[in-house]
Amino acid sequence: MRANLTTYFIFVDLVTLVVFASRDLIGWHTGVLALWLVPTVIAGGLLGQRLFPLASEKFYRRLALFLLVAVAIGSLIL
């Protein structure tokens, strides 16, 4: 399931990137910032891959719920 979601979001992100670039909604500054963040994304993925088997289902559900609530509150604030 995780691999399917990862593949889906990579595809959606690539399509979105192409659409934004074709409409001049992103520039060089955005690309440079993205390149600076690539190592962080890779490190987070590797860390998650190592820690995922150690987490119980109960912990994972609580963490997912907490993150969803945090994103919802952040969206309301912004």
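## A quick tour of the model

A search of the whole structure turns up one salt bridge (a side-chain nitrogen of Lys or Arg within 4 Å of a carboxyl oxygen of Asp or Glu). What you have here is a predicted model, where local features need pLDDT of at least 70 and side-chain atom pairs count only at pLDDT 80 or more, while totals for chains, interfaces and linings use all residues. Residues are numbered from 1 along each chain as its sequence is written, and side-chain values use heavy atoms, with hydrogens and water left out.

**The salt bridge**

- The partners are R61 and E57, whose side chains meet at 2.7 Å, N to O.
- R61 and E57 sit four residues apart in helix α3 (residues 57–77), so about one helical turn separates them.
- Helices here are DSSP runs (H or I, at least four residues), numbered from the N terminus.
- Both R61 and E57 are exposed, on a scale where buried means under 20% relative accessible area, exposed means over 50%, and partly exposed is in between (1.4 Å probe, protein chains only).

**The largest pocket**

- The largest pocket holds about 560 Å³ of space.
- It has 17 lining residues, and the closest to its centre are D13, L14, L17, A34 and V38.
- A pocket is worked out on a 1 Å grid over the protein atoms alone, as an open set of points where a 1.4 Å probe fits, with protein on both sides within 12 Å along at least five of seven lines; lining residues have an atom within 4 Å of a point.
- Grid points are joined across faces, edges and corners, and the volume is the space filled by probe spheres set on the points.
- Helices α1 (2–22) and α2 (28–51) each give at least two residues to the lining of the largest pocket, and α2 brings the largest share, with eight residues.
- Sorted by class, the lining of the largest pocket has 12 nonpolar, four polar and one charged residues.
- For those classes, Ala, Val, Leu, Ile, Met, Phe, Trp, Tyr, Cys and Pro count as nonpolar, Asp, Glu, Lys and Arg as charged, and the others, Gly among them, as polar.
- A34 belongs to helix α2 and counts as partly exposed, because its relative accessible area is 40%.
- From A34 to L54 is 20 residues in sequence and 30 Å in space, C-alpha to C-alpha.

**A nonpolar patch**

- F11, V15, V19, F20 and L25 make a nonpolar surface patch of about 460 Å².
- Patch residues have over 30% relative accessible area and no salt bridge, with nonpolar side chains (Val, Leu, Ile, Met, Phe, Trp, Tyr) joined within 5 Å and like charges within 9 Å.
- The accessible areas come from the Shrake-Rupley method with a 1.4 Å probe, and for residues only the protein chains shown count as cover.
- F20 is part of helix α1, and its 38% relative accessibility is why F20 counts as partly exposed.

**Other residues to look up**

- D24 is in the loop between α1 and α2, and its phi is near 55 degrees, a positive value in a residue other than glycine.
- With a relative accessible area of 67%, D24 is exposed.
- G48 lies in helix α2 and is partly exposed, at 32% relative accessible area.
- G48 and V38 are 10 residues apart in sequence, with 15 Å between their C-alpha atoms.
- N4, in helix α1, is exposed at 55% relative accessible area.
- Along the chain N4 and A43 are 39 residues apart, and their C-alpha atoms are separated by 20 Å.
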